[in-house]
Amino acid sequence: MKKHLFSQDPEIYAAIECEVKRQNFGLELIASENFVSKSVLQAQGSVLTNKYAEGLPGRRYYGGCEFVDDVEDLARDRAKQLFQCDWVNVQPHSGASANAAVYLSCLKPGETFLGLDLAHGGHLTHGSPVNFSGIWFRATYYGVEKDGRIDMNRVREKAKATAPKLISIGASAYSRDFDYEAFRSIADEVNALLWMDMAHPAGLIAAKVLNDPLPHAHIVTTTTHKTLRGPRGGMLLIGKDFQNPFGKTAPKSGRVRNMSELLDSAVFPGMQGGPLMHVIAAKAVAFKEALQPEFVDYAKQVRANAMVMAQSFMSRGYDVVSGGTDNHLVLLDLRSKNITGRDAERALQAAEITVNKNMVPFDDQNPFVTSGIRLGTAAVTTRGLREAEIEDVVLLIDRILSEPNNESVRSNVKSKIRTLCETHPLYDFVIT
């Protein structure tokens, strides 16, 4: 297959080879990224990419779906076992698609919901004015306090003031765990549905390393990559199915539908056409991997590495937002270091360390510059790095950020990163 691609499209082949080398010999610290297994890669690169399968297993709109039905059933059963829940839908193409299905099921255009402010660590699909969630619905926000943490009393005040129909939890740059019981109490108090987007911590939640939202949130969405270490995709989950509160009835029968039925129809035909069966197969493989005892060890190491990273940065005088981390993520406020997030990202990239610039709470820079960087330990833990090596990595990052324009420092750090990556090999697809 590799030789065939080379002969048919050498330009694409070359780009893929370069990306394999970048992943092999650079240090990946973007918090939303991880490395899948060869089995996941093989499933996603399979002939299942050829098959249309609109509908659900046993109820397809196409013939020839008997084998992809088996694949999707395995993915659903494994996900339900992994998260100990009643219902899942594994068809969303992304976390954003899964989130869109929640909005379609729970809100009418113009209705109010409450979510974490993007500038305080929230996600684009939780009400950003440039996203469909902020364009079609009335988005209101809670945020973090000066200490970088969510104050549940302030969330309650905001919920009472705005009377949302839906309250969302979840973030893309919040390093602390969530108090789901308190969120549910607030949602019940204002008669709102509670939705958790666990895209970032899903793997840690599956491994019981963090609090579990499923007993408390009405609806949960997630991506299947990040800490869950599967292919890029999305998923919807319900801990215990319930009758939807909107009075929507099933066609012909007139009975009130369960929330799971409402969400199924929101995914297809509401938000998507045919599901990506090759990606669903890769999800099934990843869920099986996450059900193994080794995955729990991995998740614990991800968290331990992140805690060491945060402490190591603080010991060197860095401002770690919220004063530490509970999960896989560390958010640095670089204002005291006199370097912007954009310049820090570029300097580190030149030394083969990949991070992303990121807004920090109460930022005074625009989103294209930012005052911070976001780092995560999911990918480097997959490579096999442990606490002592994380401390070495922080030292190398500090050297770069202290002298971002020093070519000699950059060259030295780049060499050390290359040695570290060679010591912890990733993929063997290229001959260097």
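Predicted model: local features only at pLDDT ≥ 70, side-chain atom pairs only at ≥ 80, totals over all residues.
1. Pairing on either side of strand 9. Strand 8 (residues 193-197) pairs with strand 9 in the parallel sense over 3 bridges, and here Met 196 stands opposite Val 220. Strand 10 (residues 234-238), by contrast, runs antiparallel to strand 9 and is joined to it by 4 bridges. In this second pairing, Gly 234 is the bridge partner of Thr 223.

2. Burial of strand 9. All of strand 9 (residues 219-223) is buried, 5 residues of 5, so the strand is largely enclosed by the rest of the structure. In a regular strand, side chains alternate between the two faces of the sheet. Ile 219, Thr 221 and Thr 223 lie on one side of strand 9, with Val 220 and Thr 222 on the other, and both faces are covered.

3. Thr 222 as an example. Thr 222 belongs to strand 9. Its relative accessibility is 1%, and because buried means under 20%, Thr 222 counts as buried. Leaving aside neighbours within four places in sequence, the contacts of Thr 222 include Asp 197, Met 198, Ala 199 and Ala 202, as well as Gly 233, Gly 234, Met 235 and Leu 237. Gly 95 is also in contact with Thr 222.

4. Strand 5 (residues 112-116) pairs with strand 6 in the parallel sense, over 5 bridges. Within this pairing, Leu 114 stands opposite Thr 140 of strand 6.

5. The nonpolar cores. The largest nonpolar core has 68 residues, and those touching the most other members are Phe 83, Ile 150, Ile 167, Phe 178, Phe 183 and Leu 237. Helix 11 (residues 277-290) gives the most to this core, with 8 residues. Not counting residues up to four places away in sequence, Leu 237 touches Phe 83, Trp 87, Ile 219 and Val 220, among others. Another core, of 34 residues, lies apart from the largest one; among its members are Leu 29, Val 320, Leu 401 and Val 409.

6. Packing of helix 5 and helix 10. Helix 5 (residues 95-106) packs against helix 10 (residues 259-271) at an angle of about 115°, with the axes 9 Å apart. The crossing is right-handed. Helix 5 contributes residues including Ala 100, Val 102 and Leu 104, and helix 10 contributes residues including Met 259, Leu 262 and Val 267. The residues of this contact divide into 11 nonpolar, 2 polar and no charged.

7. An open sheet of 4 strands has antiparallel pairing and the order 11-12-15-14. Its edge strands are strand 11 (319-320) and strand 14 (356-358). Strand 11 and strand 12 (residues 329-333) pair over 2 bridges, and Val 320 stands opposite Leu 332.

8. Helices on the four-stranded sheet. Helix 12 (residues 293-315) lies across strand 11, strand 12 and strand 15 (372-376), and runs at about 20° to strand 12. Helix 13 (residues 341-350) also packs on the sheet, where it touches strand 14 and strand 15. The direction of helix 13 makes about 50° with that of strand 15.

Methods
Residues numbered from 1 in each chain as written. Heavy atoms only, no water. Buried < 20%, exposed > 50% of the residue type's maximum accessible area, 1.4 Å probe, protein only. Pairing = 2+ DSSP bridges. Axes fitted to C-alpha atoms, helices over the stretch in contact; angles between N-to-C directions. Left-handed = near helix turned anticlockwise from the far one by under 90°. Contact = heavy atoms within 4.5 Å. Nonpolar A, V, L, I, M, F, W, Y, C, P; charged D, E, K, R; others polar. Core = buried A, V, L, I, M, F, W, Y, C linked by side-chain atoms within 4.5 Å.
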